[in-house]
Amino acid sequence: MSPGAEELTMLGANNNVLPLIPRSTIELEFKNITCTVNSIVMSKLQLETKQILKGVSGCFKPGLTAIMGPSGAGKTTLLNILAGYSTRGAKGEISVNGNCACASKAAGRGGARYIRQQDDLRVHLTVYEAMSLAAALKLADFRASDRKEKVYEILALLGLSATAQTLCRDLSGGQKRRLAVALELLSDPSLLFLDEPTTGLDSSASASLITLLNNLARGGRTLVATIHQPSALLFEKIDTVYCLEEGRTLYSGPRASLIPALASAGLTCPPYHNPADFLMEVASGEYSVDLIKAAQMMTQFKPEPEGNGSWERHIPTIPALPGPLDFSSTLKPSSIGITNRDYKNKKISKNIYRPSGLLRQTGILLYRNYLMTTRNYSLFLYRVAAHVVIALVFGYLYLGVGSEADSVLGNYVYLYGSMLLVVYTGKMSVTLSFPLEMDILKGEYFNRWYNLGPYIVSTLAVELPFQMISCVSYVVLSYWLTENPLEPTRATLFLATIVATSLCAQAWGYFIGSTTPTRIAVFIGPVLACLFSVFGFCLALVDTPYSFRWLHHISYFRAGFHVAVHSVYGFNRTRMHCSKEYCHYITPKTFLKEMDMENIDIGGNMALVLSTAVLMHVLTAAVLWYRLNKR
Ligand SMILES: Nc1ncnc2c1ncn2[C@@H]1O[C@H](COP(=O)(O)OP(=O)(O)OP(=O)(O)O)[C@@H](O)[C@H]1O
């Protein structure tokens, strides 16, 4: 049996797991939604305004709705607006169970969840770990045993029980998509948006996923998914079709009424033709008809009333929700993991899907980071190994330069090189990796897994020690090989300066990584490091033009470097050993004087390095908050 067929059978077997229990339902209505964006046309070097959505309206009821249409018709844009994920340039009205909102504000927040096209999974966790950690974050009021039970039930429901101990990175495409759905089902949303859930899956995996979505819809959930071109078999599982063409609504209504509606507009589907294919051909303009007129005619088409066997009649409708669009107040437990009796007996508080508090979130995220790091420890080992190798190379190239008066300039270059190394490794490791992390963060944050504060604390709690250990391994080895003074005060100050400067560069790296796309960050990071490194090393303050002196004063690199040099040659270091007849820098003070570093304010410089690090972390947090909340 093929894997896809196996998945299908498992889901089929699980059909009974989805009993139709009373739940609050969501009816999402939108009117006259427009979306206009401005973009720069590079060939003409001018700003162009483009209307992606041209006043679309519709209503999504409990059941599975497929948003269809040719590529570029505006499906993802509409989904983003309805979900509240991205509402830039959007206007119009959206109402949920009768409560209105403006489309430019997040419409789908609250109890709605959004599963994006890319698989936002933590690849180094097993399926069970991913689920249980998400459950710990989302279900604060559950007992550990109830959470575990719920996790296993959802895994069984989605046919993922057999993969519970598999790492997420080893899952097939279809399994990844189902896990993404499973993670969001933990909080049992009544409204779920999915962007192209079947893209990239083979026909059997697509079938198993759509069957699953269809089953979930039977539980009274409102599921809205953009789907490209479903097969005839899959199309049968869709309750409502919403078709777009060039930003306009072509058809909106029950799937069963599609063919009669098209026929009412003079578009007859050939016999044995897949209705979904026919709809796509019409929407792509393959039939020479006026699509605006056809859409109007289809709007006037009145479908036959649904038969008594419709599953929708079983779903109780609820009165308009209190308060503006907070779906969370409408969520009630499904049968997954909680029995109705438990609920009625008030064993579990009414607000059962309360997320964890900030402290608990921090603890869970820390544990998650610990798990991911231990699974991916090679990255850490490579990082430390790289520092050790460079320490050996530098130590060999500058062997013994620290104790000789004749090689003071050589040691000066070693000190500069060391500073440059820790600044680059501290900065670039996060500058390049953070934009990738940003994608997953966006998804998890949007779906309300955790707050930003716990995320930042737990991320830094792993990254900071990583960089500190790397720096220490470099300094200990190279400092000893270059025979720099081993007096505890000097050595400790040197080590502290190197570590602090590296952590400051890392803070800069987070800031650059969170504000700029990777392709820009790769050169902005090094350019800034180079610029700051010039001051105080090649360029003394007296030689710096007035207009650039502020850079000298704010350069954390310069501050760290000056303290590092001073820790080696300052503090009244006695005359050095000279193996030649004449050594110009036999008295270290002479060297500091010539380098304009005689009177260094150690405390002030260290304060500059540390305060820059704190400032950059605060700015990064502010930028992240803005990017995650501004839609
Ligand atoms: N920020 C933007 N700036 C300029 N054009 C945009 C922007 N976002 C979307 N578009 C354009 O709007 C149109 C609709 O995009 P959208 O992604 O919604 O289409 P789609 O129907 O989901 O397409 P596909 O099925 O290929 O994913 C496309 O032509 C796209 O290039």
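Modeller: Gladly! Helices (H or I, at least four residues) and strands (E, at least two) are DSSP runs, numbered from the N terminus. This is a predicted model, where local features need pLDDT of at least 70, side-chain atom pairs count only at pLDDT 80 or more, and totals for chains, interfaces and linings use all residues. Residues are numbered from 1 along each chain as its sequence is written.

Biologist: Which residues does UniProt list for "transmembrane region"?

Modeller: The list comes from an unreviewed UniProt entry; positions are in the numbering used here, feature names are shortened, and annotations may be inferred rather than shown by experiment. The entry gives 380–401, 413–434, 455–481, 493–513, 520–542 and 602–626.

Biologist: How is helix 14 oriented relative to helix 15?

Modeller: Helix 14 (residues 408–446) and helix 15 (residues 452–481) pack at about 160 degrees, with axes 11 Å apart. Axes are lines fitted to C-alpha atoms, for helices over the stretch in contact, and angles run from 0 to 180 degrees between N-to-C directions. Angles under 35 degrees count as roughly parallel, over 145 as roughly antiparallel, 65 to 115 as roughly perpendicular and the rest as oblique. Therefore helix 14 and helix 15 are roughly antiparallel.

Biologist: What is the orientation of helix 16 relative to helix 19?

Modeller: Helix 16 (residues 488–515) and helix 19 (residues 556–569) pack at an angle of about 170 degrees, their axes 8 Å apart. So helix 16 and helix 19 are roughly antiparallel.

Biologist: Which helix supplies the largest share of the shell around the ligand?

Modeller: The shell includes Lys50, Gly74, Lys75 and Thr76, counting residues whose C-beta atom, placed from the backbone, lies within 6 Å of the ligand. Strand 1 (28–41), strand 2 (46–60) and helix 2 (75–83) each supply at least two residues. The largest share, three residues, comes from helix 2.

Biologist: How far apart are the end C-alpha atoms of residues 602–626?

Modeller: This span is 100% helix and 0% strand. Its end C-alpha atoms lie apart by 36 Å.
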